[in-house]
Amino acid sequence: MSDSSAVRTVVTRTVGEGGDVITYDVHGDLATATAERPALFLFGAPMDATGFEILAAHFADRPVVTYDPRGAGRNPVDSSDIAVPQHADDLHRVISALGVGAVDAFGSSGGGVNLLALIAAHPEDVRIAVVHEPPVAEFLPDRDAVLAVTADMKRTFADEGDGPALAKFIQFVMLDGVVPDGYLDGPAPDPAMFGLPTADDGGRTDPLFRNMPATLAYQPDVPALQARGDRLVIAAGAESGETMPARAARAVAAAVGIEATEFPSNHGGFTEQPGFPSDPAGFAERLRSVLDERA
């Protein structure tokens, strides 16, 4: 097990120009990457590189790469929608820029969806892919209802701004189980209940909603995923219950013909967020063992 207290050099780089600039960080020395222990790329969406600092620190025995996905963190922002293939291309450009060959990749949430797209489009980029709770609606029994909820959030974001839309998002991610009949007929949640602004500031750059509906509506390339054999891992949190991303992970795994792999904690179990339980050390240990088993 690696010493998570070790301090390593972190070098920030960019790839691309103008609105296509993508910012990424290299933790450690890329020259130490080998075919047997390649660089480890950790990412989410819209979560940026800061959300993976704790997890990265647990892998001091190999170089680690983190990045800010398009429209988030240190990258340029605007109000246009972001498609999953754009994210996959961005990941491909970062991996190519590293110049160390295939990486091991861990993608969580929207990052997991983008990883599914990456390994379908550029299978040579990734040795082992660990896809953690990708919120893909395609194989869920309540697919249409999930996409309707997403469309309603998107309309609220366009019409009323961040606060009301985020309140609906929080209410939805707390839902444990399939979307019940009449879900959208209920009263809209009050943003103030979640400490969110009620006034519209006019901004429409939030990457969460710029990634909707593309992230949830993404249709995985099942044959391409099946071709990866045991070097594809679909993971769900032990404490995630029947929340949508966990249900989606199990549904994607079933569509591919594999069992979902249980990871500790929940959707954000690899980081520390005030008010939410997590287990970064246990999560890192599980990720390490999964990578070692499939190497």
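Predicted model: local features only at pLDDT ≥ 70, side-chain atom pairs only at ≥ 80, totals over all residues.

Trainee: Okay, which domains does the chain have?
Mentor: The domain assignment gives domain 1, made of 10–136 + 218–293, and domain 2, which covers 142–212. Taken over C-alpha atoms, the centres of domain 1 and domain 2 are separated by 25 Å.

Trainee: And how many residues of each are in contact?
Mentor: On the side of domain 1 there are 16 residues in contact with 17 residues of domain 2.

Trainee: Switching to pockets, what is the volume of the largest pocket?
Mentor: The largest pocket has a volume of about 1,300 Å³, and its lining counts 39 residues. Those that lie nearest its centre are Ser-109, Phe-169, Val-173, His-267 and Gln-273.

Trainee: Which helices should I look at there?
Mentor: The elements that give two or more residues to the lining of the largest pocket are helix H4 (143–160), helix H5 (162–173), helix H7 (214–217) and helix H9 (244–256). H5 gives the most to this lining, with five residues.

Trainee: Which domains does that lining draw on?
Mentor: The lining of the largest pocket takes at least three residues from each of domain 1 and domain 2. By class, this lining divides into 21 nonpolar, 15 polar and three charged residues.

Trainee: What about the second largest pocket, how much space lies in that one?
Mentor: The second largest pocket holds about 170 Å³ of space. Among the residues that line the second largest pocket are Val-149, Asp-152, Met-153, Lys-168 and Tyr-183.

Trainee: Which elements give two or more residues to it?
Mentor: For the lining of the second largest pocket those elements are H4 and H5, and H4 gives the most, with three residues. Seven residues of this lining are nonpolar, two are polar and two are charged.

Trainee: Let's go to the inside, how many residues are in the largest nonpolar core?
Mentor: The largest nonpolar core has 38 residues, and those with the most contacts inside it include Tyr-24, Phe-41, Tyr-67 and Leu-232. Apart from that core lies another of 19 residues, with Leu-40, Phe-263, Ala-284 and Leu-287 among them. As a general background, nonpolar side chains in soluble globular proteins tend to be buried together.

Trainee: What does Phe-41 touch?
Mentor: If we leave out residues up to four places away in sequence, Phe-41 touches Val-65, Tyr-67, Leu-91, Val-94 and Phe-106, among others.

Trainee: Where does Glu-133 sit, and what is its phi?
Mentor: Glu-133 is found in the loop between strand E6 (126–132) and H4, and its phi is near 45°, a positive value in a residue other than glycine.

Trainee: Is Glu-133 buried or exposed, and why?
Mentor: Glu-133 counts as buried because its relative accessibility is 0%, and the cut-off for buried is under 20%.

Trainee: And what is phi for Ser-265?
Mentor: Phi of Ser-265 is near 65°, a positive value in a residue other than glycine. Ser-265 lies in the loop between strand E8 (261–263) and helix H10 (280–294), and with 5% relative accessibility Ser-265 counts as buried.

How values were computed
Residues numbered from 1 in each chain as written. Heavy atoms only, no water. Core = buried A, V, L, I, M, F, W, Y, C linked by side-chain atoms within 4.5 Å. Buried < 20%, exposed > 50% of the residue type's maximum accessible area, 1.4 Å probe, protein only. Contact = heavy atoms within 4.5 Å. 1 Å grid on protein atoms, 1.4 Å probe; cavity = no way out; pocket = protein on both sides within 12 Å on 5 of 7 lines; lining within 4 Å. Points joined across faces, edges and corners; volume = space filled by probe spheres on them. Helix = DSSP H or I, 4+ residues; strand = E, 2+ residues; numbered from the N terminus. Nonpolar A, V, L, I, M, F, W, Y, C, P; charged D, E, K, R; others polar. Domains from an automatic or database assignment.
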